[in-house]
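This report describes a two-chain model, first its interface and then selected elements within each chain. The sequence and structure are shown below.

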Amino acid sequence: MSDPDRGKLRGFMAGGRAPHDLMRRAGGAGNRRDGDRALPAKSRGWPMFHRVLPADTGAIQATLLDMRDRFGPEIDADALARVELVLAEVMNNVAQHGTGRGKTADPARPGRALTIHLSVAAHDRGLACAVTDDGPPLPAGCLAGPEVERTPEHAAMAACGFGWMIIRDLTQSLFHFREDQRNVLCFNIPGQLQLTPESRPDVA
Amino acid sequence: MPLMTEEMACGVRVCVLENRLDAALAIRFKDRLREIAARNGPVILLDLSRVDFMDSSGLGAILAIRRTLPPDRRIELTGLTPNVERVLRLTRMDMVFVIHPPIGPEQPEPTARVQEGAP
């Protein structure tokens, strides 16, 4: 919440007409009264991480480092490592295959200039993620996996398909749909994220 | 792409000095590793102890070099951090590579040390 918004909220409270439940709705669940001031609680976790970025590997790397800064080091380090890996795989797939530039993902090569929208929200059972892009439809079969599993040596020689293998293994509730010329990929990265006592909502 | 090489009796140790081996670096890493693999051997011991993030692009770069090696040369791995180990396990590439425990201080001094590449 921005400072001007906070000021409006205080002004609203000063009028003395705001019922408590209305106050909660106006500012989001988790607001609390502290003396005469209405303060937003620190939320039920962390603010959502949201970025709009070009589909190139440098921007993706920078975004993942920003995400680490946002959530770490308080959050479960293992869950953070898993979400970073899965998001790298998902977004680099867009940079490499969605753009048509291939594995080099070289922006100098001819290809589609795509935009990725990323949202990550921490909650007490993990990290909920949504990644959208304006590239061509995701090929069928990516989410389901291969019907016949390759031997490790065959997979090593082919040296492809590992990204989706990682995505399928580390995610829960993975689903994809097309909306408004965009791919939308949603999933949860499981983890028992410990909320600090002061971050718990204290309004009954 | 900074890599450090150390000659060993059986070949060369290649220490990756970057802490991320991802899609943004994979092509440069592959090119440097290819050069080193072309003039060293038979073992190219890839030391990943400083790499705390590797995705499938980094793994793909290692596999691309492995695929082009002549039969008398091989890539082996050491110093896997938990995140690198996870990628190898999920992709089952831990069954393809010989993986050594981290190189400790008890190891003999390398015979030569060469800094490769610019940071």
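A polar contact is a pair of N or O atoms within 3.5 Å; within protein, one atom must be able to donate a hydrogen and the other to accept it, and residues adjacent in sequence count only if both atoms are side-chain atoms. By this rule, eight residue pairs, both residues at pLDDT 80 or more, are in polar contact across the interface of chain B and chain A. The side of chain B that touches chain A draws at least two residues from each of β5 (53–54), α2 (56–68) and α3 (82–90) of chain B; helices (H or I, at least four residues) and strands (E, at least two) are DSSP runs numbered from the N terminus. Of these elements, α2(B) gives the most, with six residues. By class, this side of chain B has 12 nonpolar, four polar and seven charged residues, where Ala, Val, Leu, Ile, Met, Phe, Trp, Tyr, Cys and Pro count as nonpolar, Asp, Glu, Lys and Arg as charged, and the others, Gly among them, as polar.

The model is predicted: local features need pLDDT of at least 70, side-chain atom pairs count only at pLDDT 80 or more, and totals for chains, interfaces and linings use all residues. Residues are numbered from 1 along each chain as its sequence is written, chains are lettered from A and ligands numbered from 1 in the order in which they are written, and side-chain values use heavy atoms, with hydrogens and water left out.

In total, 23 residues of chain B are in contact (heavy atoms within 4.5 Å) with 32 residues of chain A. The buried area between the chains is about 2,200 Å², with 61% from carbon and sulfur atoms; this is the accessible area (1.4 Å probe) that two parts lose on being put together, summed over both. Four salt bridges are found across the interface, each a side-chain nitrogen of Lys or Arg within 4 Å of a carboxyl oxygen of Asp or Glu. One salt bridge joins the side chains of A:Glu149 and B:Arg92 (3.5 Å, N to O).

Two strands pair with β7(A), pairing requiring at least two DSSP bridges.

| Partner of β7(A) | Sense | Bridges |
|---|---|---|
| β5(A) (residues 126–133) | antiparallel | eight bridges |
| β6(A) (residues 172–179) | antiparallel | six bridges |

A:Gly126 stands opposite A:Pro190, and A:His176 has A:Leu185 as its bridge partner. In the hairpin of β6(A) and β7(A), with two residues between the strands, A:Asp180 takes a positive phi near 55°.
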